[in-house]
Amino acid sequence: EMPLSPVASIPAFSASRGLWQTAIAATFLDGHPAQAMEAACTQVATMRRLHAHSNTVISTLIFAARLRGAVQLFVELLAASPVDEPLPASCAAAFVPVTDADVDLCPSIRAEFTLVGSPEIFGKQEHWYDGLSLSTKATRRMLAPRYGAVCNTSLPQRLLSDERVAMPATAPGFDIFDLISNSAGTILSRIPGPAFDPYLARQQDAAASLRMGALMIWLRETRDHSVPLQQRLAARPAWMHFATRRHVEVTADGKGIHMDVWNNDTSNPWPTAWPLPAGL
């Protein structure tokens with residue numbers, strides 16, 4: 001947890017960027033597959049816990065990306081492992097069914113909201129008449145519906161359904177009294193706020209990645225060469241559900257599963273093909 005202050009420092013996320021991934025991959029290639037798989041699943045569980053319990057938006061989004069990367073590495077190791085090689089218990093623990101905590105953005109948005117209209121952002125008010133142009137209380141009142149929508153109790157279940165979610169974009173209301181007593185705050189409230197839709201999409205992509213990792217384990221454990229792979233996909237457990245528009249299907253070469261992502265950075269796009277475990 002980070003201090004709730006507009007001048008709070010950002011954790012040094014880059015200090016260990018990629019080192020865990022590299023170490024696990026190197027361990028696997030050095031001939032220690034069991035140790036590497038144990039570390040890969042522990043990494044998924046660790047990132048999942050950090051992602052679910054962050055209280056800042058930047059931490060939530062960074063850990064969502066790292067969680068997706070951790071699952072991706074696990075799936076790649078699984079594809080390179082013998083099909084009869086037993087998985088460590090940590091893998092089952094890492095890929096338990098997704099819950100509200102895996103997609104809920106409310107704790108981070110609540111922290112973000114504490115900074116809205118904060119006097120520290122604009123400097124300390126030294127004179128009584130300074131308060132006539134900015135009222136923190138009134139500004140937060142106008143912005144509360146926009147932020148509060150992310151904390152709607154029904155939203156996590158909508159996100160877990162994996163269907164696209166669009167937040168209301170209605171501009172905050174104000175009246176003549178706001179214009180007189182809180183002119184700066186009224187202007188601030190009219191400025192477009194954070195784009196919550198992409199944030200929520202990243203949460204859904206993180207959950208979809210966890211489902212994909214669990215699906216690969218399930219396909220490996222229930223392999224049946226007499227049943228077409230696409231048909232077996234249809235028989236997967238209910239919690240491994242993906243939205244139809246993700247187009248989850250076996251790739252043309254039969255070596256992987258395709259899945260679209262909701263939020264994709266065109267400058268550094270996430271792969272849409274996940275390699276299948278060996279022997280399928």
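**Helix packing and buried residues**

Biologist: Asp162 is found in the loop between helix H8 (155–160) and helix H9 (176–181). Is Asp162 buried or exposed?

Modeller: This is a predicted model. The phi of Asp162 is near 70 degrees, a positive value in a residue other than glycine. With a relative accessible area of 0%, which is under the 20% limit, Asp162 is buried.

Biologist: What is the relative accessible area of His247?

Modeller: His247 also belongs to a loop, the one between helix H12 (229–234) and strand S1 (249–250). Its phi is positive, about 55 degrees, although His247 is not a glycine. His247 counts as partly exposed, because its relative accessible area is 44%.

Biologist: How many helices and strands are there in the protein?

Modeller: Of the 280 residues of the protein, 41% count as buried. The secondary structure of the protein consists of 12 helices and three strands.

Biologist: What is the accessible surface of the protein, and what share belongs to carbon and sulfur atoms?

Modeller: The accessible surface comes to about 14600 Å². The share of that surface belonging to carbon and sulfur atoms is 59%.

Biologist: Why are H1 and H2 roughly antiparallel to each other?

Modeller: Helix H1 (residues 19–29) and helix H2 (residues 33–52) have axes 7 Å apart. H1 passes H2 in a left-handed crossing. An angle over 145 degrees counts as roughly antiparallel. H1 and H2 are therefore roughly antiparallel, since they pack at an angle of about 160 degrees.

Biologist: Which residues of H1 make the contact with H2?

Modeller: On the H2 side, the contact is made by Pro33, Gln35, Ala36, Ala39, Ala40, Gln43, Thr46 and Met47. The residues of this contact divide into eight nonpolar, five polar and no charged. On the H1 side, the contact residues are Trp20, Gln21, Ile24, Thr27 and Phe28.

Biologist: Are H1 and H3 roughly parallel or antiparallel to each other?

Modeller: The axes of H1 and H3 come within 11 Å and cross at roughly 5 degrees. An angle under 35 degrees counts as roughly parallel. H1 and H3 are therefore roughly parallel.

Biologist: Which residues in H3 do Gln21, Ile24 and Phe28 in H1 meet?

Modeller: The residues of the contact of H1 with H3 divide into five nonpolar, two polar and no charged. Gln21, Ile24 and Phe28 supply the H1 side. On the H3 side they meet Gly69, Ala70, Leu73 and Leu77.

Biologist: At what angle do the axes of H2 and H3 cross?

Modeller: H2 passes H3 in a left-handed crossing, and their axes come within 9 Å. H2 is roughly antiparallel to H3, because the axes cross at roughly 160 degrees.

Biologist: How many residues of the contact of H2 with H3 are nonpolar, polar and charged?

Modeller: The H2 side of this contact includes Ala36, Val44 and Arg48. The H3 side includes Phe63, Arg66 and Leu77. The contact residues divide into 16 nonpolar, three polar and two charged.

Biologist: Which residues does Gln43 touch, not counting residues up to four places away in sequence?

Modeller: The place of Gln43 is in helix H2. At 5% relative accessibility, Gln43 counts as buried. Apart from residues up to four places away in sequence, Gln43 touches Trp20, Gln21, Ile24, Ala70 and Leu73.

Biologist: What is the relative accessible area of Thr60?

Modeller: Thr60 is found in helix H3 (residues 57–79). Leaving aside its neighbours within four places in sequence, Thr60 is in contact with His51, Ser54, Leu105, Ser108 and Gln203. Thr60 is buried, because its relative accessible area is 2%.

Biologist: Which helices do the buried residues of H5 pack against?

Modeller: In helix H5 (residues 106–113), Cys106, Ser108, Ile109 and Ala111 are buried. The buried residues of H5 pack against H3, helix H7 (136–148) and helix H11 (196–221).

Biologist: What separates the C-alpha atoms of Trp274 and Val75, in Å?

Modeller: Trp274 is found in strand S3 (residues 273–275) and is buried, with a relative accessible area of 6%. Its contacts beyond four places in sequence include Val71, Val75, Met212 and Ile257. Trp274 and Val75 lie 199 residues apart along the chain, and their C-alpha atoms are separated by 7.2 Å.

Biologist: Among contacts between residues at least 6 apart in sequence, what share joins residues at least 24 apart?

Modeller: The pair of Trp274 and Val75, 199 residues apart along the chain, is in contact. For the protein, among contacts between residues at least 6 apart in sequence, the share joining residues at least 24 apart is 73%.

Conventions: Residues numbered from 1 in each chain as written. Predicted model: local features only at pLDDT ≥ 70, side-chain atom pairs only at ≥ 80, totals over all residues. Heavy atoms only, no water. Axes fitted to C-alpha atoms, helices over the stretch in contact; angles between N-to-C directions. Helix = DSSP H or I, 4+ residues; strand = E, 2+ residues; numbered from the N terminus. Parallel < 35°, antiparallel > 145°, perpendicular 65-115°, else oblique. Left-handed = near helix turned anticlockwise from the far one by under 90°. Contact = heavy atoms within 4.5 Å. Nonpolar A, V, L, I, M, F, W, Y, C, P; charged D, E, K, R; others polar. Buried < 20%, exposed > 50% of the residue type's maximum accessible area, 1.4 Å probe, protein only. Areas by Shrake-Rupley, 256 points an atom, 1.4 Å probe, with all protein chains shown as cover.
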